[in-house]
Amino acid sequence: MKALIFESFHQKPSIQTVPDPTPPLDGVVIEVKATGLCRSDWHGWMGHDSDIRLPHVPGHEFAGVIREVGKGVSNWKVGDRVTVPFVCACGICPTCHSGNQQICDDQFQPGFTHWGSFAQYVAIHRAETNLIKLPEEMTFEKAASLGCRFATSFRAIVAQGKVSGGQWVAVHGCGGVGLSAIMIAAALGATVIAVDISEEKLALAKSAGALVGINGKKSPDVSAEIMDITKGGVHVSVDALGSKVTCFNSIASLRKRGKHIQVGLMAGSDSNPEIPMYLVIAKELEIFGSHGMQAHAYPEMLQMILTGKIAPEKLIGRRISLEQAVESLIAMDTFQENGMVMIDRF
């Protein structure tokens, strides 16, 4: 098969021909039809993820068709249209038994713990626990756009934030994660404030459902501006970027009993941000993480998509080939992309 491979961190990847994967006993081989290019892939290429062993094929947001099935798999067959969660689970540990497969004790992640979807084929273990059947009317590009960004944002807004109509929600960072969170929160009836340093991305945020846009470069104090607009702060605030600045501003912009949700990965020099703990205590704030979404939780999201309440395909920006992904992966940290980058040609 053809695959995008990097053989050392920070060094330019290449397109190579490598052996096709074989199905694990409990898993399947999926022919990749579409896969998203995410900033998490850039973090992996930079060496921020300790699970990666070189040489490596990145890619974790994908959808496709089952081409081979392991002997231990009974509920899936060749030809099934599927996607998988960002975090794949074992299905048997105490955490999985509690329903929280997104933080499985023995989790694996395509594109991180093993070769991923920047290739024509990808192998997935534990198929019975991790595969999600796609509705026939859903395109592969739309399904791949759910990836880690949309699904993680869905869980952040719906399950962690419990956002409801009439609430104020702030989203800090308007990349793929942020735009997803904005669309979902707006669909639930919340009034959304979008924060970014790009006017183009703020325009996209408004098209996704944000009522107000704040340019972090132009605002002398983002959290104070949010406090003024909302007359006391937002009910839920999401750091969709993952930086010391956005994390602090998100917490500082909450009203009493508000919820901060950390979705953007905190890596490298941003791993340990300063948190205004005096506000957490004084306002009885709640701080949540959101790390993927369980396979069994997908039906609610898929139903909202099928009924037109949310439209993740509107957040897709460029569509590129696997060859073009080489340069696009390297450039991910420049934040020049508007919307999700989708690889749809192999």
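1. A pocket, as the term is used here, is an open set of grid points with protein on both sides within 12 Å along at least five of seven lines. The structure under review is a predicted model. In this model the second largest pocket has a volume of about 230 Å³.

2. The largest pocket has a volume of about 830 Å³. Its lining is made up of 43 residues, and Arg 39, Gly 175, Ala 240, Leu 241 and Phe 335 lie nearest the centre. Two or more lining residues come from each of helix H1 (39–46), H4, helix H5 (176–187), strand E9 (191–196), helix H8 (244–252) and strand E15 (340–345). The lining of the largest pocket divides into 17 nonpolar, 20 polar and six charged residues.

3. In soluble globular proteins, nonpolar side chains tend to be buried together. The largest nonpolar core here has 50 residues, and those with the most contacts inside it are Phe 150, Val 169, Ile 182, Tyr 298, Met 301 and Ile 310. Helix H4 (residues 140–160) gives the most to this core, contributing nine residues. Another core lies apart from it, with 26 residues that include Ala 3, Ile 5, Trp 42 and Val 87.

4. Leaving aside residues up to four places away in sequence, Val 169 touches Val 163, Ala 185, Ala 190, Thr 191, Val 192, Ile 193, Val 234 and Val 236.

5. Most residues other than glycine have a negative phi, and most peptide bonds are trans. Leu 54 and Pro 55, however, are joined by a cis peptide bond, with omega about -5 degrees. Pro 55 is found in the loop between H1 and strand E4 (61–69).

6. His 10 lies in the loop between strand E1 (2–5) and strand E2 (14–17), whereas Arg 257 lies in strand E12 (residues 254–262). His 10 counts as partly exposed, at 45% relative accessibility; Arg 257 is exposed, with a relative accessible area of 54%.

7. Twelve salt bridges are found in the whole structure. One of them joins the side chains of Glu 31 and Arg 67 (2.5 Å, N to O). Because Glu 31 lies in strand E3 (residues 28–37) and Arg 67 in strand E4, this pair ties together parts that are 36 residues apart in sequence. Arg 67 is partly exposed, with a relative accessible area of 34%. Glu 31, Lys 33 and Arg 67 are linked in a network of salt bridges.

8. Which residue meets the side chain of Asp 80 in a salt bridge? The partner is Lys 77, at 2.9 Å, N to O. Asp 80 counts as buried, at 6% relative accessibility, while Lys 77 is exposed, with a relative accessible area of 54%.

9. A further salt bridge is formed by the side chains of Arg 126 and Asp 106 (2.9 Å, N to O). This pair links distant parts of the chain, 20 residues apart: Arg 126 is in the loop between strand E6 (121–124) and helix H3 (127–130), and Asp 106 is in the loop between helix H2 (94–97) and E6. Arg 126 is partly exposed, with a relative accessible area of 22%, and Asp 106 also counts as partly exposed, at 42% relative accessibility.

Definitions and conventions:
Residues are numbered from 1 along each chain as its sequence is written. This is a predicted model: local features need pLDDT of at least 70, side-chain atom pairs count only at pLDDT 80 or more; totals for chains, interfaces and linings use all residues. Side-chain values use heavy atoms; hydrogens and water are left out. A nonpolar core is a set of buried Ala, Val, Leu, Ile, Met, Phe, Trp, Tyr and Cys residues joined through side-chain atoms within 4.5 Å. Buried means under 20% relative accessible area, exposed over 50%, partly exposed in between (1.4 Å probe, protein chains only). Helices (H or I, at least four residues) and strands (E, at least two) are DSSP runs, numbered from the N terminus. Contact means heavy atoms within 4.5 Å. On a 1 Å grid over the protein atoms alone, a cavity is a set of points where a 1.4 Å probe fits but cannot get out, and a pocket is an open set with protein on both sides within 12 Å along at least five of seven lines; lining residues have an atom within 4 Å of a point. Grid points are joined across faces, edges and corners, and a volume is the space filled by probe spheres set on the points. Ala, Val, Leu, Ile, Met, Phe, Trp, Tyr, Cys and Pro count as nonpolar, Asp, Glu, Lys and Arg as charged, and the others, Gly among them, as polar. A salt bridge is a side-chain nitrogen of Lys or Arg within 4 Å of a carboxyl oxygen of Asp or Glu.
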